[in-house]
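Please open the structure in a viewer and keep the selection tool at hand.

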Amino acid sequence: MSEITITLPDGSRQSVQAGTTPLDLARSISRRLADDALVARVNGQLVDLCQPIESDATLEILTLGNPEALEVYRHSTAHLLAAAVLDLFPGTRLGIGPATETGFFYDFYRDEPFTPEDLEKIEARMWELQRADLPYERKLTPKEEGLKKYAEMGENLKCELIEEKAGEVFSEYTLGPKFIDFCRGPHVPSTSKIKAFKLLSIAGAYWKGDERNRQGQRIYGTAFFTRKELEDYLRQLEEAKKRDHRKLGQELDLFSIQELAGPGLIFFHPKGATVRRILEDWMRDQCVARGYSLVYTPHIARSDLWKTSGHYGFYAENMFKRMELDDAEYQLKPMNCPFHILIYQDRLRSYRDLPVRLSELGTVYRYERSGVMHGLMRVRGFTQDDAHIFCTPEQIEDEVVNCLGFALDVLHTFGFEQYQAELSTWDGGASGKYDGTPEQWNLAENALKHACERLNMQIKVVPDEAAFYGPKIDVKLVDAIGRLWQLSTVQFDFTLPRRFNLEYIAEDGKPHQPLMVHRALYGSVERFFGILLEHYAGAFPVWLAPVQAVVLPITDRHLPYAQQVTRRLQEAGLRATLDDRKEKVNFKIREAQLQKVPYMLVVGDREAEAGTVSVRNRKHGDQGAKAVDVFIQEITQLIAAKSTAE
């Protein structure tokens, strides 16, 4: 047999026989490496450890702890789930079973619905198969032969996938005697490599996410390299359930979704509207202070506008249906950007006018499928804190720095201490799927990189993940229980300035095309509200709390003094209420505590005589008696500082 050369990550080289597998090489390097190995990267592609290497190649062995190995590990656990289901429920048809960011799922099609008891049985069978050390075996199958085989098995959905995605020869994976699946792989070597997993839930799922297709049952699970990681994640899930913004929104009377009005449309109740107003007022004030001009635009426009912008063709499935009116077709807006462009375009611009920064808290409407809507996080009508900046090439880097600095200020102001930033770039033009010239992309990507450097922001570069119209930076916050949320986006756009023929007159007296930046910091007001609600578990910091203090008279005879205290608090600008119900004061305290009110002010004979209030903090309990003016001064200072302390 001929020899080939394998180059390892440290630059060293080994001469081996053609047909040597990555696992063979791992064993030759160290027993520990072989034991921990899960998958290999050969010439940049992930492959099974047992796949022979036939020519010179670069090789990296991915082991426990590697994020890419974790994705493969979870995909293999999805196959383990499917094998267990087929063992226990013969005749079940298979859908798809990918890894996800937090685990995996598999879609199944059978007449009887799975029950929670079934989930326990399936997980138990998975552990039996895990202990059996079954290999994940890859085989190559000619397309026509595979189609015939899956048709005979009654796996019509697999046939559909093979028709769409398979080449003339495709790969399949087997696991045990009953499970075989059309799959690109790779997978871990055997089931014994999977050490920690848990099935979580069952949900309905339409084939390919289209409600017009057959509905199946989706089993969700998660998997980690170690039992400790799994237990930590399960504890986080339990904490997340307690913080679920949908549950808190109902308990705290903040918002609702009304069936009569339709799904994905949010009704903010008075207390929720108070928090929303604070969020919006803060954003508007900040925009004005940073040189933005506030604008208001319609909720609807002629379809011709969306044809010019490209949304009519490329975004049609996410837009609400067209409406026939007197003079033309109209559509609800899914984006604010074309409206801001029309404002920019309304008059001739000089380089002296630039940058033009237009900002709007604009409500948009997008058709989300019923299965993906989720409280405030995924809705059909929402308000974006949208801004668009039109500037010259010389101004672009400073504008990006300002946008990113603004994003970091949002995080700091609302109490988020950690974040991650990602720079999504193009593929160099190799695929042809990106708009713009190489010069434009280089300018844009370098401006984003330099802006991050100037702010000492650590960024992760994500190749080939840019929007087709330009690169972007996404800022993701880390919440109180360690979850990552997509928040702010700063995004270049080469397409819309060209589509709308945007111009400015440069110093040379000639028209030039301006650069355009999209910028959203909350993302949407609704989603940011939901993130805040879960981050603080409903206990908003005092400056955001819809009710900052409640006055609690001990008996009816203390009511006149309680009313006087409430008026003084309100006159000082505080959001204070009076609980004058004929209930015991301890009951009122419990109620206020459940409503997450920051301060409870108890008043009785002693307080009325001394002109004080007995202060109780929702977190720290009894704070003792304080003069009303002293309390007002202390709470006002906390509010002015936008403090998260209590």
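**The domains**

The model is a predicted one. Begin by colouring the protein chain according to its domain assignment, which gives domain 1 (3-63), domain 2 (69-241), domain 3 (255-297 + 336-535) and domain 4 (549-640). Note that domain 3 is assigned as two segments, 255-297 and 336-535. Next, display the C-alpha atoms of domain 1 and domain 3: the centres of these two domains, taken over those atoms, are separated by 44 Å.

**Helices α5 and α6**

Select residues 143-152 for helix α5 and residues 156-165 for helix α6. The two helices pack at an angle of about 165°, and their axes lie 8 Å apart. Because angles over 145 degrees count as roughly antiparallel, α5 is described as roughly antiparallel to α6. The crossing of α5 past α6 is left-handed.

Which residues of α5 and α6 meet? Show the side chains of Lys 143, Leu 147, Tyr 150 and Ala 151 in α5; they meet Lys 158, Cys 159, Ile 162 and Glu 163 in α6. By class, this contact of α5 with α6 comprises five nonpolar residues, three charged residues and no polar ones.

**Helices α9 and α16**

Now select residues 270-289, helix α9, together with residues 525-535, helix α16. Here the packing angle is about 110° and the axes are 11 Å apart. Since angles of 65 to 115 degrees count as roughly perpendicular, α9 and α16 are placed in that class. In passing α16, helix α9 makes a right-handed crossing.

To view the contact, display Gly 272, Val 275, Arg 276, Leu 279 and Glu 280 on α9. Their counterparts on α16 are Val 525, Glu 526, Phe 528, Phe 529 and Leu 532. The residues of this contact of α9 with α16 divide into six nonpolar, three charged and one polar.

Methods. Residues are numbered from 1 along each chain as its sequence is written. This is a predicted model: local features need pLDDT of at least 70, side-chain atom pairs count only at pLDDT 80 or more; totals for chains, interfaces and linings use all residues. Side-chain values use heavy atoms; hydrogens and water are left out. Axes are lines fitted to C-alpha atoms, for helices over the stretch in contact, and angles run from 0 to 180 degrees between N-to-C directions. Helices (H or I, at least four residues) and strands (E, at least two) are DSSP runs, numbered from the N terminus. Angles under 35 degrees count as roughly parallel, over 145 as roughly antiparallel, 65 to 115 as roughly perpendicular and the rest as oblique. A crossing is left-handed if the near helix is turned anticlockwise from the far one by less than a right angle, and right-handed if clockwise. Contact means heavy atoms within 4.5 Å. Ala, Val, Leu, Ile, Met, Phe, Trp, Tyr, Cys and Pro count as nonpolar, Asp, Glu, Lys and Arg as charged, and the others, Gly among them, as polar. Domain bounds come from an automatic or database domain assignment.
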